[in-house]
Amino acid sequence: MAWIEIEKVSKKFGQVTAVDRLNLAVEAGEFLTLLGPSGCGKTTVLRMIAGLEIPDEGIIRIKGETVFSSGEGIFVPPGKRGVGLVFQSYALWPHMTVFENVAFGLQVQGVNRSELETRVTTSLEYMQLRGMEKRYPAQLSGGQQQRVALARMLVARPSIFLMDEPLSNLDAKLRMEMRTEIKRLHWESKATTLYVTHDQNEALTLSTKVAVMDKGVLQQLASPKETYGRPSNLFVADFIGSPTINLIPGRVHEERGEVFFKNEFLTLPAPPEGVLVGKDLVAAIRPEDIRVTVQGERGGIPGEVYSVLPAGAEVILQVKKGSLLFNIRRMGEVPWGMGEEVYLHFPLDSILFYDRGKGTLLYPCRED
Amino acid sequence: MTASWRTFHNRLRFNLTQPHLVMSLLLLVLLTALVIIPFIQMLHDTAVWQEADLRITRAAKPGEWTTFHYLRVFSSRLSKNIFYRPLWHSLETSLAISFLAMTLGALMAWLLVRTDMPFRRGIAVFAVIPYVLPSYTLALAWLDFFKNERIGGATGVYQYLFGVPTPDWLAYGFVPIVITLSLHYYPFTYLLVSGALVSIDAHLEESGEVLGASRLAILRRITFPIVLPALISSFILTFSRALGTFGTPYFLGAPVRYFTLATTIFSNITNRTPAVAYISALVLILISIFIIYANQKIIGSKSFVTIAGKGFHHRLTPLGKFRYPAMFLAAALILLAVFIPLFLLVWQTLMLYPNDYSLKNLTLHFWVGKSTPALAEGESGILRNLQILGAAWNSIELSVIVALLTGMTGIFIGYAAVKGRGTWLATLVEQGSFLPYLIPSIAFGAIYLSLFTNPIGPLPSLYGSFVLVVMVCMAKNLPFSARSGISSMLQVAGELEESAMVAGASWQKRFRKIILPLTLAGSISGFVLVFIATMRELSLIILLVTPNTRTLTTMTFRYVEQGYSQFADAIIVLIVLIVVSGEFLARRLGKRETV
């Protein structure tokens with residue numbers, strides 16, 4: 001059973017459509033990330049599930065129970081939805097101690113004193129916050145505040161975790177640490193988790209499924225691997241990956257029984273698919289899939305090294321061909337300097353072909 | 001059900017879980033009762049025959065519509081005396097006061113914030129005090145010094161020293177009104193301009209310097225334009241405050257029949273021609289609205305004041321050989337505006353017989369003396385005087401109640417306005433709560449007088465009741481507490497309440513456990529400031545108090561009228577003590593705001 005179901009949910013703020021007839025289901029135990037640029041509607045989706053925002057249209061179900069329906073006029077308030085929420089700002093109450101912050105939800109539920117103390121202590125212990133009970137949020141580091149926010153969510157034992165960019169206020173090192181923490185938390189609790197972020201690395205590292213959104217519309221819902229390897233449209237292709245995927249406009253031509261992809265600067269191999277021939281296309285290839293050589297091998301396309309950007313273990317190489325600039329990722333060091341000539345190779349099985357007008361993926365098709 | 005109806009229906013259900021909607025509606029009802037209805041009643045009274053009119057003309061038919069009052073005010077034989085001349089006096093004093101106060105305030109701000117003048121810290125401690133004192137403190141001190149035989153009671157120090165009567169132009173009217181009120185209002189400009197000066201990043205000026213601009217050019221081309229909006233604002237707002245003030249123009253103007261609109265409102269009410277007073281009040285309100293509208297138009301988008309972030313640094317302008325002269329100038333201003341007047345007032349209260357400034361004449365009689373028939377018609381010293389102690393109790397009770405009620409209302413307004421941001425209802429509440437700002441104090445009193453003199457429906461007449469005085473003080477202070485409520489609510493990020501919602505806390509619980517504790521901290525200094533404002537209030541309540549509800553300020557007023565300057569001064573000294581301790585308390589509690 002899907003634990004969260006969203007059916008044709010729309011939400012406008014004034015003239016701006018934040019979410020447009022969205023359908024989405026999160027299966028039990030899944031870690032689903034809503035990923036997209038800021039303003040794409042991902043936070044609004046999360047807030048509507050929590051009950052903090054009311055949709056204009058649509059139905060939301062949590063564990064089979066309808067918590068919102070515009071048609072039937074159902075609205076279940078946030079506290080009765082059985083969800084836990086962690087905000088980007090943590091939203092710790094500054095006038096309460098760590099203990100009081102975590103205990104608040106249980107007090108509201110009327111949990112008795114001894115059980116309350118056990119549960120609060122357990123969840124503080126779990127988040128490695130023993131000894132911090134009497135401190136106020138302002139006396140904690142960013143990472144500790146984050147842990148308190150998580151402890152506060154855990155203590156109420158919600159069946160669903162909602163997290164709104166919980167790591168974006170942390171510095172890079174702590175963020176790595178907390179990613180591990182959150183991943184372990186999900187693995188141990190098996191709680192259905194909906195996670196909102198604009199950071200693709202976070203999405204790809206943590207999730208079992210990624211939902212990419214843009215302008216209030218769901219662009220792709222797939223595993224992290226598939227999202228990266230086979231983006232379903234040009235938006236997703238361009239959004240995921242750093243440096244960004246290489247996009248090459250052109251057309252597929254058929255000459256004397258052979259097919260190839262061509263534009264004014266280069267010719268690439270193309271699959272013998274009928275749907276591709278004669279259309280305006282965009283070929284896409286990830287930076288790590290382009291091979292670089294010095295000598296002109298067969299099929300190599302000559303280009304000029306535009307810049308070399310070493311970044312520790314890997315090097316980003318930019319190569320110019322006509323008005324096209326290719327990003328290439330290589331491990332280790334590169335022997336080429338700026339201004340030198342190199343040859344580029346594009347393996348056919350790494351190239352994705354998109355419809356240039358609609359942006360949809362035409363090849364390879366889904367393998368299922 | 002249609003889609004839009006369903007959307008509306010859902011939204012309604014949702015809003016009931018977030019009760020700022022309900023709260024907004026209640027606040028609108030409150031605003032309507034406190035401001036709108038009284039205003040409409042006042043308009044109505046100007047256009048309807050009053051009982052009191054029977055004394056003036058037989059044509060009067062109480063209760064029927066008439067243009068009589070308007071004609072009488074704007075185009076009759078009396079117009080010049082009852083309207084045009086006071087209007088002119090109001091405008092000329094307000095203009096002169098605004099100009100002088102702005103100049104003094106801006107100069108003080110610059111000296112204290114941006115120069116290397118010695119003793120800046122020490123002087124800054126007192127720079128705002130004149131504004132904290134009741135506005136007519138200086139007027140009473142002025143009378144103690146310059147009073148001549150024209151009004152009853154003893155003559156002033158001037159006459160004692162020089163042996164000749166003070167000329168009228170120096171003792172009463174335009175000159176003293178402008179001087180005393182300028183000294184009272186300059187801190188307003190000082191606060192606004194020093195705020196603007198502090199927020200200028202010295203880098204802005206330094207980049208000018210790097211480009212080769214001279215110091216004067218930097219001051220003129222960079223610093224001045226940045227501060228200009230604050231200057232204009234303070235000029236305009238000082239003008240509107242000066243326009244509505246009653247005490248000083250009355251104490252210093254009435255002896256030579258120099259009336260302003262504010263004082264004619266008072267005398268028309270006491271002379272039982274209320275409709276004339278209401279029309280004058282209406283004119284004051286219109287001028288005030290126009291001024292504030294002009295301020296919005298002129299300043300509008302031009303506020304360059306950037307919120308100070310980290311990394312601001314300031315460089316002080318070296319004054320060179322002017323360092324000490326500048327310091328003496330600033331110190332003299334504080335002496336003239338605070339210490340000398342207070343010294344004079346205290347001295348007066350210690351003099352057994354007026355006009356005898358020798359040490360052997362000193363006495364504590366007017367503070368703690370028992371009643372003797374030989375002195376002041378047998379009134380005992382103020383600390384023994386039941387009437388005065390009663391008034392003191394009234395003042396404190398009034399100020400505490402008003403501070404609490406207004407402060408709480410401010411928090412509710414803040415909640416409704418911030419949670420509903422962007423909806424028309426929230427905008428209405430926010431803007432509505434600023435309406436009282438447009439109504440000068442004395443006009444506010446007149447409005448309330450017109451509405452609550454008679455019973456309204458089942459409500460008894462509130463005139464003479466403590467409730468009425470509380471209501472008017474609350475209404476008048478609402479804009480201030482709304483502003484502080486909104487700003488402290490903005491600090492309490494929406495997510496703090498939302499996480500309590502997700503935890504399942506009811507609205508009452510959220511308000512009690514999260515919102516109130518968090519906003520109270522930011523509001524306490526606001527409470528104290530409303531307390532101060534109410535404690536020294538005269539213009540607002542002078543028309544509404546009766547012997548039962550009199551406060552310290554209105555007692556002062558009565559004693560001045562009767563010529564007992566020792567008592568009047570002693571009470572003022574008492575008010576000053578309370579108010580100044582409140583001010584220092586507020587400073588300790590939080591950030592500086594203006595009332």
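Predicted model: local features only at pLDDT ≥ 70, side-chain atom pairs only at ≥ 80, totals over all residues.
The crossing of H14(B) over H20(B) is left-handed. On the side of H14(B), the contact is formed by Ala262(B), Ile265(B), Phe266(B) and Ile269(B), and H20(B) contributes Ile442(B), Ala443(B), Ala446(B) and Leu449(B). By class, this contact comprises eight nonpolar residues, with no polar and no charged ones.

The loop between H14 and helix H15 (274-299) of chain B contains Arg272(B). Phi of Arg272(B) is near 60°, a positive value in a residue other than glycine. With 14 other C-beta atoms within 10 Å, Arg272(B) is partly exposed. In chain A, a positive phi of about 40° is found at Glu165(A), likewise not a glycine. Glu165(A) is located in the loop between strand E8 (160-164) and helix H5 (172-189) of chain A, and is buried, having 20 other C-beta atoms within 10 Å. Most residues other than glycine have a negative phi, and most peptide bonds are trans.

Chain A also contains cis peptide bonds. One joins Ser242(A) to Pro243(A), with omega near 0°; Pro243(A) belongs to the loop between helix H8 (234-239) and strand E12 (246-255) of chain A. A cis bond also links Tyr363(A) and Pro364(A), with omega about 0°, and Pro364(A) falls in the segment after E22 of chain A.

Strands E12 and E22 both take part in an open sheet of six strands in chain A, ordered E14-E13-E12-E15-E21-E22, with antiparallel pairing. From one strand to the next, the twist averages 45°. Strand E13 (residues 258-262) of chain A is joined to E14(A) by three bridges, the two running antiparallel; Phe261(A) is placed opposite Leu268(A) of E14(A).

The contact between the chains involves 26 residues from chain A and 23 residues from chain B. On the chain B side, helix H1 (3-17), helix H22 (494-502) and helix H23 (507-535) each supply at least two residues. H1(B) provides the largest share, eight residues. By class, the side of chain B that touches chain A has eleven nonpolar, six polar and six charged residues.

Conventions
Residues numbered from 1 in each chain as written. Chains lettered and ligands numbered in written order. Pairing = 2+ DSSP bridges. Helix = DSSP H or I, 4+ residues; strand = E, 2+ residues; numbered from the N terminus. Axes fitted to C-alpha atoms, helices over the stretch in contact; angles between N-to-C directions. Contact = placed C-beta atoms within 7 Å. Nonpolar A, V, L, I, M, F, W, Y, C, P; charged D, E, K, R; others polar. Left-handed = near helix turned anticlockwise from the far one by under 90°. Buried ≥ 20, exposed ≤ 12 C-beta atoms within 10 Å, placed from the backbone.
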